[in-house]
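The sequence and structure are shown first.

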Amino acid sequence: MNLKAGKNLVGAFYQPRLVLCDLDALKTLPRREYVSGLGEVVKYGIIYDAVLFSQLERNLPKLLARDENSLRDVVARCCEIKAEVVGQDETESGLRAILNFGHTIGHAIENSSGYGKFLHGEAIAIGQVAAAKLSQKVLGLSSGEAARIEKLFSQSGLPVKLKLTAAQRKKLFGAMLLDKKVSGGEVKFVLAEKLGRVKFGCCVASEMIDAVI
Ligand SMILES: [Zn+2]
């Protein structure tokens, strides 16, 4: 549950018996909401599956047109990845953290702009592009792969950058320190070594974060 202080701060862990995805429901969404969902889809490619990422690059026009066959494959693969990750770590103590790629900055963007300005997928698209830049500095992600990440988000129609005033920047950093992934004042990030492989719990200095937002 979301609280005023931040998103996803209250919760319980009960696993579903069944996951049902009705692809027709996706066709009823306004384009902006639909594209926002792609922000999470691209994430699965980055964190777990480089083949999925390449498929998304190739099939983006079809996906944007909500082509049923492409959607079925992609939605099924994203569910599989989530089930694999969560199945190995039900209580978010370890591996499950990789699902938060791009979310440390993304949640801070949503929170500091007063929920509603950015849709979740838009905020985490910006967060993932920033995380890719941090990944270059911290884990040596190649500039080619970082560029592919940015390009896939922008070609999907998602924002990849923020224009901030000094006051907005300060607010955003304040929100980031409220995040549940912060411990002892250090901000912990999920960062990518390469497409399909990430590491969690990477401590990043705030000056470095400042340089990529
Ligand atoms: Zn999310």
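## Basis of the description

Contact means heavy atoms within 4.5 Å. Helices (H or I, at least four residues) and strands (E, at least two) are DSSP runs, numbered from the N terminus. The model is predicted, so local features need pLDDT of at least 70 and side-chain atom pairs count only at pLDDT 80 or more, while totals for chains, interfaces and linings use all residues. Residues are numbered from 1 along each chain as its sequence is written, and side-chain values use heavy atoms, with hydrogens and water left out.

## Helix α4

Helix α4 comprises residues 68-88; at 1.5 Å a residue its 21 residues should span 30 Å, and its end C-alpha atoms are 30 Å apart, which agrees. The expected span is 1.5 Å times one less than the number of residues.

Buried residues (under 20% relative accessible area; exposed is over 50%, partly exposed in between, with a 1.4 Å probe and protein chains only) in α4 are S70, L71, V74, C78, I81, V85 and V86. Viewed down the axis of α4, these buried residues fall within an arc of 120 degrees, so they line one face of the helix. The arc is that of the directions from the helix axis to the C-beta atoms. D73, G87 and Q88 are exposed on the other side of α4. The buried residues of α4 pack against α1 (23-27), α2 and α3 (50-64).

## The pair α2 and α3

Two packed helices are described by the angle between their axes and the distance between the axes. For α2 and α3, the axes come within 7 Å and cross at roughly 160 degrees. Axes are lines fitted to C-alpha atoms, for helices over the stretch in contact, and angles run from 0 to 180 degrees between N-to-C directions. The two helices are therefore roughly antiparallel to each other, a term for angles over 145 degrees.

Residues of α2 that meet α3 include Y34, L38, V42 and Y48; among their counterparts in α3 are L52, F53, L56 and L63.

## The loop residue R66

R66 lies in the loop between α3 and α4. Its phi is near 60 degrees, a positive value in a residue other than glycine. R66 is buried, with a relative accessible area of 15%.

## Helix α5

Helix α5 (residues 103-112) is mostly covered, with 9 of its 10 residues buried. The buried residues of α5 pack against α2 (31-48), α6 (120-139), α8 (166-178), β2 (186-194) and α9 (206-212). After α5 comes G114, with a positive phi near 75 degrees.

How values were computed
Angles under 35 degrees count as roughly parallel, over 145 as roughly antiparallel, 65 to 115 as roughly perpendicular and the rest as oblique.
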